[in-house]
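Work through the exercises below with the sequence and structure in view. Try each task before reading its solution.

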Amino acid sequence: MARRLKFNGTDSKNGGCPAVHEDLDSGEIIVQGRPLTDPADVRQLQHLGPDDVAVAVPRKLLVHHGPKEMHRVPKLISPEEFGKLFHHFEHSAWHLETRRGYASDREDDGYAEFLATGQAPMDLDSDWCQNISAQTKAGKYVGRVRVVDQPPTDGQRFLLSYARCNAATGEDARNLWREDAEAALLPDEDFWLFDCRLVAILRFDDEDTFHDVEIITDPAEVLRYCQVRDAAVHASIPYDAFAAQLTD
């Protein structure tokens, strides 16, 4: 049965080759162009099978007429699998926090202590702090930017106080106001970026309970999150300087 092909476009002035088509059923992209026939060129190609052919097309053809979006099936991992990422990243782990509160914080004994005293406890002996300390001492970068509302919620004030603990483990802990985050076009989502190659989107229910994690490894998508990180770090300030604004 013949494929059902849709013509996506061509940059040729006379409507000829090269061109891009799309298979409406399989989603495959058909690129037509000038065959690569010089044996010296063909020998440089990797994984070219006996039934494969190679064509050469201008880069702008793919930019202009290649598909810009695709239907992506989320890849989910459990909280346990997510936790392992913090032990195996190679050089950097960075977090954007945008929520107004977290159920896990409210269930922590330290949260009740904070509400009573205004100061979150230092728990540097916890498994989290011990691991992050080990990672930063090994020369790896760990950082986060927390978005804060005006006025801050109790959950945000708790995390601002707890940032002393983050910093003590070697984290680069920073904050910015929500209006500044919106001005910087930061997304309203929580995620971790590992080694500039893997993004972990944290998913929560309506009660702020951590549910599961979606993993993204597509290079174009990962690059977008790297750009978000750079914009967030540029717009934010160290947590202690930010905290001082609340007491001025």
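**Exercise 1.** Is cysteine 196 buried, partly exposed or exposed?

Solution. The model is a predicted one. Start with the relative accessibility of cysteine 196, which is 34%. Next, recall the cut-offs: buried is under 20%, and exposed is over 50%. Cysteine 196 therefore counts as partly exposed.

**Exercise 2.** How many disulfides does a search of the whole structure find?

Solution. The search finds zero. Take cysteine 129, which is in no disulfide. The nearest cysteine sulfur belongs to cysteine 165, 3.4 Å away. Cysteine 129 is also buried, at a relative accessible area of 1%.

**Exercise 3.** What is the radius of gyration of the chain, and what would a compact globule of 248 residues have?

Solution. The globule would be near 18 Å. The chain has 24 Å. Now look at the C-alpha trace: along its principal axes it spans about 75 × 35 × 35 Å. The chain has 10 helices and 13 strands. Of its 248 residues, 39% count as buried.

**Exercise 4.** How many positive and negative side chains does the chain have?

Solution. Count the positive ones: 27. Count the negative ones: 44. Then locate the centres of the two sets, which lie 7 Å apart.

Conventions:
Residues numbered from 1 in each chain as written. Predicted model: local features only at pLDDT ≥ 70, side-chain atom pairs only at ≥ 80, totals over all residues. Heavy atoms only, no water. Helix = DSSP H or I, 4+ residues; strand = E, 2+ residues; numbered from the N terminus. Rg over C-alpha atoms; globule rule 2.2 N^0.38 Å. Buried < 20%, exposed > 50% of the residue type's maximum accessible area, 1.4 Å probe, protein only. Lys, Arg positive; Asp, Glu negative; His and termini not counted. Charge placed at Lys NZ, Arg CZ, Asp CG, Glu CD. Disulfide = S-S within 2.5 Å.
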